Amino acid sequence: MIGIDEALDAVLAEVRPLGAERVPLLEALGRACAATVVSPEAVPGFANSAMDGFALRGEDLAEGRREFAVVAEIPAGRPSARHLFAGEAAKIMTGAPLPPGADTVVPVELTVALEAGVLVTDPPAPGSNVRLAGEDLTPGDRLLEPGDRVGPAEIGLLASVGVETLPVTRRPRVAILATGSELVAPGQPLASGQIRNSNSFTAYAQVLEAGGDPILLGIARDDAAETRRLLAAALEQDVVLTSGGVSVGEFDFVKQVQEELGVERRFWGVKTKPGKPLAFGVREGTLVFGVPGNPVASMVSFELYIRPAVLALQRRRDLYRPYVTAAAAEPVKAAKERAELRRCRVAREGGRWRFTTTGPQGSGILRSMALAQGLAIVPARHPGGAAGQELTVQLLEGSAEERPPYPV
Ligand code: AMP
Ligand code: MG
């Protein structure tokens, strides 16, 4: 059996980034940019006022002048062509173009209205409160690089320079197949001995969150022929995720069927708890993951290996979850031969991170995952001990370029 790093490296070695497609700007949300995007426009496009106040010549203020005749009023969107000469000011609103001749704006708060003009009570430095043309961006400035995630700020930035469409990497299609004769879809009655299929739902949500395109293929009973039929259809996608049936049980057909369908095995088994019987292979570029059926094991396997792969397929560089080093708020239980990933909450206390595990850690207890903000990583054969021990906690949100330090 291999460790987390080795498994992750084996997975990422098989990733061939997907091609690009051009989409309307709003549809780019959450996707990865596929090209270098440069600004076609300058921002601001023209010198404008940063405040509501009076535009005038800074030179006048420098010479000690305090009283000005107000010769124009300039709302946003309505440029004034009236040139300002010595002793003249224009009432101006935030965002309105500076009139010719003016280079300074005195905020209204620093003035007193006079009968036919304005008195500056507190003169700002010449040039103040003006946003210059091209101050934020000039045409040709690089806005996005290939692999950058497009979030709300990026969408706004692109809109601010008139970009209407964006090349993004195609969303990886991830086929999701649950295996298990005991599984029943929500909405169906539960007969004796049956349980609900939750893995397909968590996987669907995890794929979506990673920018992928999840495709639900339903439930395969623990039957080699049925598993083969459904898995064969799944192999057309970029990634296949089957849950369950990958252990050493009598009815665990997934590995056998993968092999029959020509999936080249890269590894089976990772030295972690949960997540040990993970099977990974490839077939004609398709990444094929058989994750264990226990709901927490299935989710944790996704977090550790499939999420980075789905992001890498999109050319993202931030493949990993952020991590913190946190002190245990409770005694730490010893770990045996496998590294353990314990669901926990994290909080900042007195300048350091602390973590608290979320109750019973059985790999079937999905509630421990729902309550969790992170996975505390206990190295194999960790002796355990009193509260205060520091461990790496991989968070369950966010993205980072740096891989968490996994134990060997
Ligand atoms: P397996 O890996 O098939 O041996 O399954 C391990 C455990 O996870 C068993 O208790 C299964 O009933 C459970 N399990 C398997 N698949 C799912 C699923 N899709 N949703 C919820 N629990 C599952
Ligand atoms: Mg099973």
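Guide: What follows goes through the pockets and then the cavity. This is a predicted model, in which local features need pLDDT of at least 70 and side-chain atom pairs count only at pLDDT 80 or more, while totals for chains, interfaces and linings use all residues. Residues are numbered from 1 along each chain as its sequence is written, and side-chain values use heavy atoms, with hydrogens and water left out.

The largest pocket holds about 540 Å³ of space. On a 1 Å grid over the protein atoms alone, a pocket is an open set of points with protein on both sides within 12 Å along at least five of seven lines, a cavity is a set where a 1.4 Å probe fits but cannot get out, and lining residues have an atom within 4 Å of a point. Volume here is the space filled by probe spheres set on the points, which are joined across faces, edges and corners.

Of the 32 residues lining the largest pocket, K273, E340, Q361, G362 and S363 lie nearest its centre. Two or more lining residues come from each of β23 (339-349) and β24 (352-357); strands are DSSP runs of E, at least two residues, and helices runs of H or I, at least four, numbered from the N terminus.

The second largest pocket has about 310 Å³ of space. Its lining has 15 residues, with Q206, E209, M299, E303 and L396 nearest the centre.

One cavity of 30 Å³ or more is found in the whole structure.

How values were computed: Chains lettered and ligands numbered in written order.
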